[in-house]
Each structure stands twice: as C-alpha cells, then as structure tokens.
Amino acid sequence: MTETKDKGSPSLSRRSLLKAGLATGGAAVAGVAASGARAEGDPLITEIQDWNRYLGDGVDAAPYGLPSEFEADVVRRNVPWLTADAVSSINFTPLHELDGIITPNGLCFERHHGGVAQIRPQDHRLMINGLVDTPLVFTMEDLKRFPRENHVYFLECAANGGMEWRGSQLNGCQFTHGMVHNVMYTGVKLKTLLEEAGVKTNGKWVMPEGADASAMTRSIPMEKALDDCLVAWKMNGEALRPEQGYPLRLAVPGWEGNMWVKWLRRLEVGDEPWHHREETSKYTDLLANGKARRFTWVMDPKSVITSPSPQMPISHGEGPMVISGLAWSGNGRITRVDVSLDGGRNWKTARLDGPSLSKSLHRFYLDIDWDGSEMLLQSRAMDEHGFYQPTKNELRAARGENSIYHNNGIQTWYVQKNGAVENVEVG
Amino acid sequence: RESGIFKLGRVATQDEIAAWDIDVRPDGQGLPEGSGSVADGEVLFADNCAVCHGDFGEGVGRWPVLAGGHDSLKDDRPEKTIGSYWPYLSTVYDYVRRAMPFGNARSMSDDDVYALTAYLLYLNDVVTDEEFVLSKENFLEVRLPNEENFFMDDRSEEPHYASKSEPCMTNCKADEVKITMRARVLDVTPEDGGDDDA
C-alpha cells in the first residue's frame, strides 16, 4: 500500500508534548492538545484523512500480527550496567504501558543464565529419575496426552526491585517492578507426571533441571510439587516463546521466578535438597547480621502504581484522572489495595477490577479529580491471608540493605505540578 | 514397568540417566570417581577461567569474584565468594561441571573439575598446600567457612507480617512527609526508558 503515515517515533510525540507541558506548566498541556480545534472545526474531522480514502492492508499482509507502529515504545528494555553480559541477564516488562492483568507474550520480561536455548520440539525429552518406582522418558507428544489444565499465574523474579534496596535508583516502574509477567499457562500437573513414575515413600524433594547451557537446577519440596506446580507448554494460548522455555517449562505458582525452570528436561526425586548454586550462592538473602535466609520461595504481597509513573507522566492537566496499578501475592488472592496521595499519611481503598485469581496479578484503579497539586503516590496490597505489603523502611529494619532479593516494599511516586513523576523515598 | 495410570512415556535406560543425572549433593551423593590437584587446577584455571574470573579468582570487570571477601558479610558492601559465603563444596563441583566455562559448558572432565575445585579451595585459603589433591574419597572432609550461617525462611515472623493488624488509614504520620531520596539524582536509568527528559 502507499505509505503516507508519519514515520516519527510515537514516543517522541508524547515526549515533546510533555516537554511543552513542563516548560509552561501543566495547564498549558491541555491547551496544546486542544489547539487543533479552530473556529471552523478540527481538520482531523473537517478534512478527509488518508485512512478514510485509501485502502488498507489485506488479510494476507500479516500472518502473525504485530502491534501498531504507533506503539513502538512499548517494548522490553534492559539496563546494561546491571550485569556483566547480555546472555546471563535480565530485561523488563513495560508495565507502565499495559493494562488489565494479562501480559502479552512478546513483552514478558526475560531472565536467562545461558542465553535462549533453541530446541526443536521433536528433539526435546523430559526425564523423571531418582527415588521413583520407574524412571521415565517423555516426548512432547507423550506430555500432550495427559489431562490438561489452564491457570493464570504471575511469575516474578526474586530480584524484582532489588536495585532499590538502598533507595531510589531507577526512574520507571518498568525498571523498578518490571521483572514480572502474568500469563495463562496450559500444561499437565507435575503431580500427574510424578505419579506416573511412582514416587517412593522417601522421595521428599524434586529437582527440576533445564536443557540450556546453564542447566538450571533448584530443589522443590514434594508438598509444593504435588500441590499446584504445572509442567507447561503453552502461554496465553500459544506455544511458549523460546525465551520463556520453549518447548517446556515448569510453573511454580507464587514462588520466585528462578524456580520456574525453562527448557525443562529432567525431574529428579530425592530425599534431601541439593543446595545447588541457585539456592546457595544465589537466591539466598543476606541479613545485616551476616547470616542468610535460604529457601525464601514465596513472593510476598506487593503492588505498584503503573500510571502515573515516571515513564507515564500526567499530560492532560487538572481534572478527572485514573490511577492504575497492579497488585499480587504468592500467598493467594489479593483482597484489597489501598492508595495514598500524600505519602502514606492517608489512604483510600482502591477498586479491584477484572478477575481476582490466586497467585495472579490483580488490576486496581482509583479515580480521582486532580487539582494540579503535588502528590506522593503509594499503593499497599493485602492478600487473603491478611498479610499487608510493608514499607521499605520496615523491610530494611528487619533485613538491612543487602538482601538483594524479595523487595516488596511500598513504592512512592512524586507527582509534580507539571505532571512529571519521579521515583522517590519518603521519610 | 511398575508404575503409572496412563502408561505414557517409556522406561529411561541406565545410560540415559547417567548422561543427564550429574548432580552432586552436600552429602557427596553424585560425586564421580576421580581426583585433581591444586597445581593441575591452576593450569586449567589459567587456560579456561581466568579470562573472566582473573588469575586469582578476583574477577575481571563485572564477572563474578570467586575468592576473598572473608569476614565481609556484615559490611556495608559485602563480598560474597566461595570462601566467604558459599556453604557447601559440593555446589562448587556441581556448578562448574554443569555450567562452566561460560559458553563451553560440559567441556571439563571429572578429574578437571576436581582439580579446579581444589584450586578454588586454594585461592580461598581453605587449603594452603599446593600439593593438595581433592578426590571423591576426601571430598567430604573439606568444609567451607560459612556453612553454619544459613537458616530457613522465617519472613512470616518479621514484625510487619506477624502482626496482621488492620493498617492505619487516616492521619498515619505525625510529621509532614518529606522526600529523602530521588532517583533522578543518580540518573542511571537508560536514556530510552521513557519520557524522562524533564
């Protein structure tokens, strides 16, 4: 088709809009937005537009569709200085641009320890061995003949927010909270597979192992393995993405993302934990007294306001606005989210919207009438077991600043009069 | 075949299990036959490891530091190494054999891994004799200094979780809420992070 669209980056348009707003004050932004309306009317209405005259693409143009080019800045981002190398590294889900609770597959954050393994599904095998009656080997075809289940779960990296233990560092909820995604998994219960091999009575632990170059291993207690773990091959209805473990991964609902072993090739049953690298050197939480917690599996109740946020400033001036955010808990369902506009002095209970699923992201909204004054926005999640999300200072008082993992402290956004938003800590 | 409701899959052969089941536990389960010396380990380390980890395990650039950091765990900036932090030697053997060298995993023989493990003990002053030979037989005699300093997750006993009390909703802070720290001061967010050019 004839290309007549503006190729300029959509992010630039909003950025320049914001700059205009910042230069002259928030109220002026609304003026910019309305400037198209002249006495004779808005030319976007009074003049016939290209897309109203010329034909668009046919149905054969995009066998696998991608987002509009005007959404080009809704992408995963990494922070190069965080790790030595992009292969054993992390990137971040653009939470600030998303809504609802489901993360689009192409935007789910990635964390690899040996890069993305590329495995032909016909070449993939899953072995069960150790303290079982019959050690077994499954093909992908075998696995798809077992009874199947679908569940929506969040997967949060244990290190999500880890850079913020010492204070405000990264400006944007993509970076401070974006090591999380939430998709619907399809697979077979781990329990079903273990029963097929027959767990011996002294089989108390299960060790999943990945097929990639890091050969990731973790120790999972049998109680959890038999409860809700899922061996999954689909996410949001389609095959797992390679970066999410194609063709097979483990889901360990509510527990730290490191345990969700990707490219899953083996499950060993044992009578003791293995104390492997990812549960000794890594994913142990150092306290101020020099001792360290091990086996900190559950991801505690947490929330963040995704808009407004540093990457999503207020560009419309005073008046009605939507405060939007996410809350989740590895313990179960979220029952309540409170929002403060004044740094935690006063709180209002927000509105939970959409499905409320156990160990899944929840969406919350608080609709306010902004008078253009400064705000210190916070959100505080509560789960069905009555656990409240603590402040960062409460966490530091209990743990010090060197735990690296499991930072679920309350986030503060400083909203300025011009609509700009900043990651801050408050006293 | 003894087990299974669905009778899906097939029985794994002993060779298949041996090929994939290479994991090692702190009690020595999984350790292969073999041995290696500090001196042999030093050569192997120089050829295969030092480009990232440094000749003495000190780490090059941002690559992991493997040695040193003794008594630093209470410091403002602790240095967590095999010698200062790791609880079990079995983890060293298992991880090196499973996943190192980075980009060429599974390329070391069992004897090589014993030698590298011996050298890492030497770099961390856990053994001081250059003639030391680590083997399956003496492996469990070696203990790492920080073994006793790990304990099970007890987060639910922290005050903010243990209380489970209804949180404050109004007039929760006596003093004015003040900003104590700002991310913009550090300015370490990537440039394309969003609309951050204020």
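**Contacts between and within the chains**

1. A:Val424 has B:Arg182 in E5(B) as its bridge partner. The two strands concerned, E23 of chain A (residues 421-426) and E5(B), are paired antiparallel through three bridges. Pairing here requires that DSSP finds at least two bridges between two strands; helices (H or I, at least four residues) and strands (E, at least two) are DSSP runs, numbered from the N terminus.

2. The model is predicted: local features need pLDDT of at least 70, side-chain atom pairs count only at pLDDT 80 or more, and totals for chains, interfaces and linings use all residues. Residues are numbered from 1 along each chain as its sequence is written, chains are lettered from A and ligands numbered from 1 in the order in which they are written, and side-chain values use heavy atoms, with hydrogens and water left out.

3. E14 of chain A (residues 292-294) runs parallel to E4(B), joined by three bridges. Within E4(B), B:Phe151 is the residue opposite A:Arg293.

4. On the interface as a whole, 117 residues of chain A are in contact with 86 residues of chain B, contact meaning heavy atoms within 4.5 Å. The two chains bury about 8,700 Å² between them, with 53% of it on carbon and sulfur atoms. Buried area is the accessible area (1.4 Å probe) that two parts lose on being put together, summed over both.

5. Twelve salt bridges are counted between chain B and chain A, the criterion being a side-chain nitrogen of Lys or Arg within 4 Å of a carboxyl oxygen of Asp or Glu. One of them links A:Arg336 with B:Glu166, where the closest N and O atoms are 3.0 Å apart. On the chain B side that touches chain A, at least two residues come from each of several elements, including E1 (10-11), H1 (14-20) and H4 (89-99). H4(B) gives the most, with five residues. By residue class, this side of chain B has 38 nonpolar, 14 polar and 34 charged residues. Ala, Val, Leu, Ile, Met, Phe, Trp, Tyr, Cys and Pro count as nonpolar, Asp, Glu, Lys and Arg as charged, and the others, Gly among them, as polar.

6. Chain A itself is divided into domain 1 (105-293) and domain 2 (302-424), with bounds from an automatic or database domain assignment. Their contact involves 38 residues of domain 1 and 33 residues of domain 2. The C-alpha centres of these two domains of chain A are 28 Å apart.

7. How much area do domain 1 and domain 2 of chain A bury between them? The value is about 3,000 Å², 52% of it on carbon and sulfur atoms. In domain 1 of chain A, the residues losing the most area to domain 2 are A:Phe154, A:Trp165 and A:His177, which together make up 26% of what that side buries.

8. Three salt bridges are counted between the two domains of chain A. A:Lys359 forms a salt bridge with A:Asp228, with the closest N and O atoms 2.8 Å apart.
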